[in-house]
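Reader: Could you take me through this one? I'd like to start with the ligand and then move to the sheet.

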Amino acid sequence: MHFMQSLQQAWTRNDSLVCVGLDPEPAKFPAHLRDAPDAVFDFCRAIVDATADLVCAFKPQIAHFAALRAEDTLERLIAHIHAKHPGVPVILDAKRGDIGSTAQHYASEAFERYQADAVTLNPYLGRDSIQPFLDRADKGVILLCRTSNPGGADFQALDCSGQPLYLRVAETIARDWNAHGNCALVTGATWPEELGKVRAVVGDMPLLVPGIGAQGGDVEAVLRHGRTAAGTGLLISSSRAILYAGHGEDFAAAARAAASGLRDTINRCRRG
Ligand SMILES: O=C(O)c1cc(=O)[nH]c(=O)n1[C@@H]1O[C@H](COP(=O)(O)O)[C@@H](O)[C@H]1O
């Protein structure tokens, strides 16, 4: 199924705009898992199985696996999600971006090797660097626009003929790159007013919104500025605040409670 269709269905089926980020950090694992032979897989699988009915997507962050030499674990984890929780889309957070000939290989890394449904990309190299991804109409192409980090404004807010660069990026992608309807943008929860400006230029295009929880973004402000008329259009992503909500053998139950609490808070705000 196309990424955009499965996202729409997951929003409705699970009544959720929550995306759980899978960012394994073994030093933060509960003690009983820390020295287990397959700890990264066991940890992530437990989180996935405990939260799959509460989310609209999972977003594994590739560096968290690659730094641990655990790319094979990432492959197995995504295969597990597809097998056990069909219909929950997987976004590979890789933030790739390179010249077209190399981008082909990044596209096959994301979609053939890892079997991701969508991938995060950096648009800085321009249209041809993204074309191999745009051509995959069935896959989600999620482009950095206004990132959540403190230095995000260094370049993204620069004046570009009277408008900030991030808005030019949003406008160009919505107008010229989205022929297959498979584009989405990353807009951090830490800049809700800018997120609202992006929403105003991209219509109902989905926005991936990291930056709540550990980075301090405000859920209510995100909903106020970012939801569509239908009350959706957002994938509100949280990693550490869910993954490490508990520290004991009941860590997966604690993660479930955190994801459920976030879903409820979001739903109150979007319907309020
Ligand atoms: O593309 C992303 O997912 C992303 C974009 C952005 O602007 N800010 C951002 O924090 N992220 C990712 O979202 C996750 C945020 O993690 P938490 O702050 O623990 O919820 C990390 O995996 C980041 O790499």
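Author: What follows covers the ligand site and then the strands. This is a predicted model, in which local features need pLDDT of at least 70, side-chain atom pairs count only at pLDDT 80 or more, and totals for chains, interfaces and linings use all residues. Residues are numbered from 1 along each chain as its sequence is written, and side-chain values use heavy atoms, with hydrogens and water left out.

Reader: How many residues surround the ligand, and which are the closest?

Author: There are 14 residues around the ligand (a heavy atom within 4 Å), and the closest are Asp23, Lys59, Ser148, Gln215 and Arg240.

Reader: Which side-chain atom of glutamine 215 is involved, and how far is it from the ligand?

Author: An N or O atom in the side chain of glutamine 215 is 2.8 Å from an oxygen atom of the ligand, a polar contact (a pair of N or O atoms within 3.5 Å), while for serine 239 a backbone N or O atom lies 2.9 Å from a ligand oxygen. The ligand taken alone exposes 510 Å², of which the protein buries 90% (Shrake-Rupley areas, 1.4 Å probe).

Reader: Switching to the sheet, what is the strand order?

Author: The order is E2-E1-E10-E9-E8-E5-E4-E3, in an open sheet of eight strands with parallel pairing (strands are DSSP E runs of at least two residues, and paired strands share at least two bridges). Strand E2 (57–60) and strand E3 (91–96) are the edge strands, each pairing on one side only.

Reader: And where does cysteine 19 stand?

Author: Cysteine 19 is opposite serine 237 in E10.

Conventions: A polar contact is a pair of N or O atoms within 3.5 Å; within protein, one must be able to donate a hydrogen and the other to accept it, and residues adjacent in sequence count only if both atoms are side-chain atoms. Helices (H or I, at least four residues) and strands (E, at least two) are DSSP runs, numbered from the N terminus.
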